[in-house]
Amino acid sequence: MKLLECLKRAFIVRKCIICDDAISYNIKLPICDECHKYWVSTLDILCDKCGYESEYCTCASKRMLIGVDFVTFCIFYKSNSENPVNHIVYKLKEEYIGEVFNFCADLMAAKAKKMFAKRNLSFNDYIVVYPKRRKKAILKYGYDHGREVARLFAKKLGLSYMDCFDNSGKKEQKTLDRRERYANAKQSYSLKKNIDVKDKKFIIIDDVLTTGSTISACSTLLKEKGAKSVVAVCFAKDI
Ligand SMILES: [Zn+2]
Ligand SMILES: [Zn+2]
């Protein structure tokens, strides 16, 4: 075991990513037994559109997605409700916890592999990108969770990763109604200067798929500059 890992285990208590209770370093998932039952039960939530579980649901978002070849996600998310997925999404955005990033990236990589295989497509030549967090949020929390998850996701699939978007947005997407979201996303995101995306293929990584406005705005930017394919992989989908 690496020295750093030994020191970490000796001095830092490993916590369940849902309830914060102390857990053993010997268990694989960073979730306690009690929360694990709770987490597994969320896998049974059915899609309100197609009636399938998250594992089989291929519905996109509540709106049409623009410029994306396909979108996939790992689990359903219900905002404003007591749900283990909400705890994980909250931690992802507000607390810098490596195990949370890793947990999400693991699930997303497994789902992406499955979705590419289902379509008989290879993901080997895809580049991983992410919608940059607003400057104000990066200053407030000190990190960009999208970047952390995108880098881990790329590493797990052996793909390259690119930091290609800027975000000049002033408003938080979740504070806006559906109609305002796309306009806000379109105004907020831009491609960084001197980034060549022509004929390249991209996987956009995002945390929560709500209206799909962020993904639509980012994939439109890539496609306008000649990107060959854009797909999106999200952690959770709001239903
Ligand atoms: Zn727990
Ligand atoms: Zn569905």
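## An aromatic pair between a helix and a loop

Tyr-143 is buried, and its relative accessible area is 5%. The model is a predicted one. Phe-101 is buried as well, at 2% relative accessibility. The ring centres of Phe-101 and Tyr-143 lie 5.8 Å apart. Their planes meet at 65 degrees, so this pair is edge-to-face; the cut-off for that label is over 60 degrees.

Where do Phe-101 and Tyr-143 lie? Phe-101 belongs to helix H4, and Tyr-143 sits in the loop between helix H5 (135-141) and H6. The pair therefore ties together parts that are 42 residues apart in sequence.

## Other aromatic rings

The count of aromatic pairs comes to 9. One of these joins Phe-73 and Phe-76, with ring centres 5.4 Å apart. Here the planes stand at 35 degrees, so the pair is tilted. Phe-73 is buried at 1% relative accessibility. Phe-76 is buried too, with a relative accessible area of 0%.

There is also an aromatic cluster. Phe-70, Phe-116, Phe-123 and Tyr-126 make it up.

## The zinc site

Which residues coordinate the zinc ion (ligand 1)? The donors are the SG atoms of Cys-16, Cys-19, Cys-32 and Cys-35, at 2.3 Å. Along the sequence, these donor residues follow the spacing C-x2-C-x12-C-x2-C. Cys-19 lies in the loop between helix H1 (3-11) and H2, while Cys-35 lies in helix H2. The pair Cys-19 and Cys-35 thus ties together parts that are 16 residues apart in sequence.

The 4 donor atoms subtend angles of 101 to 116 degrees around the zinc ion (ligand 1). That makes the arrangement tetrahedral, because the angles for this label must all lie between 85 and 135 degrees. Cys-32 is buried at 11% relative accessibility, and Cys-35 is buried at 7%. Cys-19 is partly exposed, at 33%. The disulfide count for the model is 0.

## Around the zinc loop

Two other residues of the loop between H1 and H2 deserve a look. Ile-18 lies in this loop and is buried, with 5% relative accessibility. Beyond residues up to four places away in sequence, Ile-18 touches Ile-31, Cys-35, Trp-39, Pro-84, His-87, Ile-88 and Lys-91. Cys-35 in that list is also a zinc donor. The C-alpha atoms of Ile-18 and Lys-193 are separated by 39 Å, and these residues are 175 residues apart along the chain.

Asp-20 is found in the loop between H1 and H2 as well. Its relative accessible area is 37%, so Asp-20 is partly exposed. Asp-20 has a positive phi of about 75 degrees, although it is not a glycine. Most residues other than glycine have a negative phi.

## The nonpolar cores

How many residues does the largest nonpolar core have? It has 44. Those with the most contacts inside it are Trp-39, Ile-88, Met-108, Phe-153, Ile-203, Ile-205 and Phe-235. The helices are H2 (33-42), H3 (84-94), H4 (98-118) and H6 (145-157). The strands are S1 (70-77), S2 (126-129), S6 (201-209) and S7 (229-238). H4 gives the most, with 10 residues.

A second, separate core has 32 residues, including Phe-73, Ile-127, Ala-185 and Ile-215. In soluble globular proteins, nonpolar side chains tend to be buried together.

Apart from neighbours within four places in sequence, Met-108 contacts Cys-74, Val-149, Phe-153, Ile-205, Asp-206, Val-233, Cys-234 and Phe-235.

Thr-214 lies in helix H8, which covers residues 213-224. Is Thr-214 buried or exposed? At 12% relative accessibility, Thr-214 is buried. Leaving aside neighbours within four places in sequence, Thr-214 contacts Pro-131, Gln-173, Ala-185, Tyr-189 and Asp-206. Asp-206 is also among the contacts of Met-108.

Asn-194 is exposed, with a relative accessible area of 83%. Asn-194 is found in the loop between strand S5 (189-191) and S6. The phi of Asn-194 is near 60 degrees, a positive value in a residue other than glycine.

How values were computed
Residues numbered from 1 in each chain as written. Chains lettered and ligands numbered in written order. Predicted model: local features only at pLDDT ≥ 70, side-chain atom pairs only at ≥ 80, totals over all residues. Heavy atoms only, no water. Core = buried A, V, L, I, M, F, W, Y, C linked by side-chain atoms within 4.5 Å. Buried < 20%, exposed > 50% of the residue type's maximum accessible area, 1.4 Å probe, protein only. Helix = DSSP H or I, 4+ residues; strand = E, 2+ residues; numbered from the N terminus. Contact = heavy atoms within 4.5 Å. Disulfide = S-S within 2.5 Å. Donors = N, O, S within 2.8 Å, 3.2 Å for Na, K, Ca; no water. Tetrahedral: all angles 85-135°; square planar, octahedral: opposite > 155°, others 65-115°. Phe/Tyr/Trp six-rings, centres within 6.5 Å; stacked < 30°, edge-to-face > 60°.
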